[in-house]
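Me: I am new to this structure. Please take one part of it, look at it closely, and then show me the rest around it.

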Amino acid sequence: MSLRLCLLACLVAAACATKDELKPSNWLSVTELENVPSLNDITFERLENMPLQKGAKLMEKLYHISSIKQDLTPNFVPSASNIPVWIVKSNGDRVEAKLNNYVEKATAQPGFGEDEVTIVMTGLPQNTPTTQKAIRKLEQAYMQRYNVQNQQKNSRQQNNKDYVSTSSEETSEEWKSAKTTAGNLIIIDLGSTFTSFKRYALLDVAGTGAMIGHTLVDLTNKGVPREIIHLVGQGIAAHVAGAAGQEFTLHTGNKLRRITGLDPSKMIGQARDQLVGLSRGNADFVDAIHTSSLAMGTPTRCGDVDFYPNGVSQAVPGAQNVIEAAVRATRYFAETVRPGGERNFPAVVANSLKQYKEKNGYGQRAYMGINANYDLQGDYILEVNEKSPFGKRASAEKQNNYHHSHPRN
């Protein structure tokens, strides 16, 4: 009898222990909560100087804590007159404008809107070398795509006569035989309005997106076909791009042709009564590149097709902090925009990096970046290099296995 009582006592104790382990206080202790800094104390510089894992854990905690009660109301909407916009001409010169007048200035440029129009929205302040370089690379890549004959002159003389090449992307010879496309580039520097991390965290995505969406309506009303507009959003601006696409559809009954999200971010400030964020349906085709899914970025599917370089993780190879990890998506996309680099990032359908490696890179294939096929659906995994050039081109044998799409459940 005593043995039975002993066994019963052990079972009861084990059951109680299991119940205790499931208490939220065991997932995040009071001490850990107290050690989470205030939004006022977090800066982008601090995140960039923080070790990768520490920064990633901080971003995860902030996101999950904010999701519990959703008391952090997104209340920051920058004034249209305070958002800088650059209309980049084919020779690399910039026409400066603001969000409230860029449509008028852009449509006044000779030939504007006759070819594709790419509108890039920054999602981080351009106040560190890492973030500055990412946008500069993207701008240079588009200038090469749209004006290949003057690419060397533009890339070296733009803003700096003593410009020195900083990666092999710029010295590649493949652009000389590549097919190029004419077009127009506009950069909406939303990131410059994030003068504090708090503003970034509490950005009203829906309100800001609606404001930008109205400018897109104006753009099409002035004769720019919606079918040639490609909206590209970086980080939190990826969600703003999605909201802008929704607003455009609301007012026109039509969709933009394409929206691309470059490491869509976690949204710390969340409205209780709104479904906000980049998602398929915001445009005819929505694609997303996730490079810091478990840090500043989100692992959540955002598009018709989602690409996860090196799988769902805190960062991609070579990134030393959460800021660098987040802007790697911009660097990857820029590499595909450069003439000759369109197929630098072959990816295959997989649900994890482990599954990708087990397949040895074989499977239903797609190309991440500017040349992503509009009929793609699903989640794709690929491996990348630590340094530029980041893309790992597949062998000719594997390239022949290219497949159109993979339906998502």
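Let us start with helix 7: what should its 18 residues span at 1.5 Å a residue, and how far apart are its end C-alpha atoms?

Reply: This is a predicted model, in which local features need pLDDT of at least 70, side-chain atom pairs count only at pLDDT 80 or more, and totals for chains, interfaces and linings use all residues. Residues are numbered from 1 along each chain as its sequence is written, and side-chain values use heavy atoms, with hydrogens and water left out.

Now the helix. Helix 7 covers residues 129-146, and its 18 residues should span 26 Å. Its end C-alpha atoms are 25 Å apart, which agrees. The expected span is 1.5 Å times one less than the number of residues. Helices here are DSSP runs of H or I with at least four residues, strands are runs of E with at least two, and both are numbered from the N terminus.

Helix 7 is mostly covered, with 13 of its 18 residues buried. Buried means under 20% relative accessible area, exposed means over 50%, and partly exposed lies in between (1.4 Å probe, protein chains only).

E139 has 2% relative accessibility, so it counts as buried. Its side chain meets that of R94 in a salt bridge, at 2.5 Å from N to O. E139 lies in helix 7 and R94 in strand 2 (residues 94-98), so the pair ties together parts that are 45 residues apart in sequence. R94 counts as partly exposed because its relative accessibility is 31%. A salt bridge is a side-chain nitrogen of Lys or Arg within 4 Å of a carboxyl oxygen of Asp or Glu.

Now step back to the chain. It holds 14 helices and 11 strands. Of its 409 residues, 52% are buried. Among contacts with a separation of 6 or more, 76% are between residues 24 or more positions apart. Contact means heavy atoms within 4.5 Å.

The structure has eight salt bridges. Besides E139 with R94, D287 pairs with R258, their closest N and O atoms being 2.8 Å apart. This pair links distant parts of the chain: D287 sits in strand 7 (residues 285-289) and R258 in strand 6 (residues 258-262), 29 residues apart. D287 is buried, at a relative accessible area of 1%. R258 is buried too, at 2%.

Another bridge joins E324 and R328, with closest N and O atoms 3.2 Å apart. They are four residues apart in helix 12, so about one helical turn separates them. An α-helix has 3.6 residues a turn, so residues three or four places apart point the same way. Both E324 and R328 are buried.

The largest nonpolar core has 106 residues, and Y102, I119, I188 and F197 touch the most other members. Helix 12 (residues 322-337) gives the most to this core, with 10 residues. A nonpolar core is a set of buried Ala, Val, Leu, Ile, Met, Phe, Trp, Tyr and Cys residues joined through side-chain atoms within 4.5 Å. Setting aside neighbours within four places in sequence, F197 is in contact with residues including L39, F44, M59 and I268. A second, separate core has five residues, among them V348, A350, Y356 and I381.

D263 has a positive phi of about 55 degrees although it is not a glycine. D263 belongs to the loop between strand 6 and strand 7, and at 2% relative accessibility it counts as buried. N310 is also a residue other than glycine with a positive phi, near 60 degrees. Its loop runs between strand 8 (305-309) and helix 12. N310 counts as buried, at 16% relative accessibility.

S388 and P389 are joined by a cis peptide bond, with omega about -5 degrees. P389 is in the loop between strand 11 and helix 14 (396-399). D375 occupies the loop between strand 10 (365-367) and strand 11 (378-382). D375 is partly exposed, with a relative accessible area of 39%.
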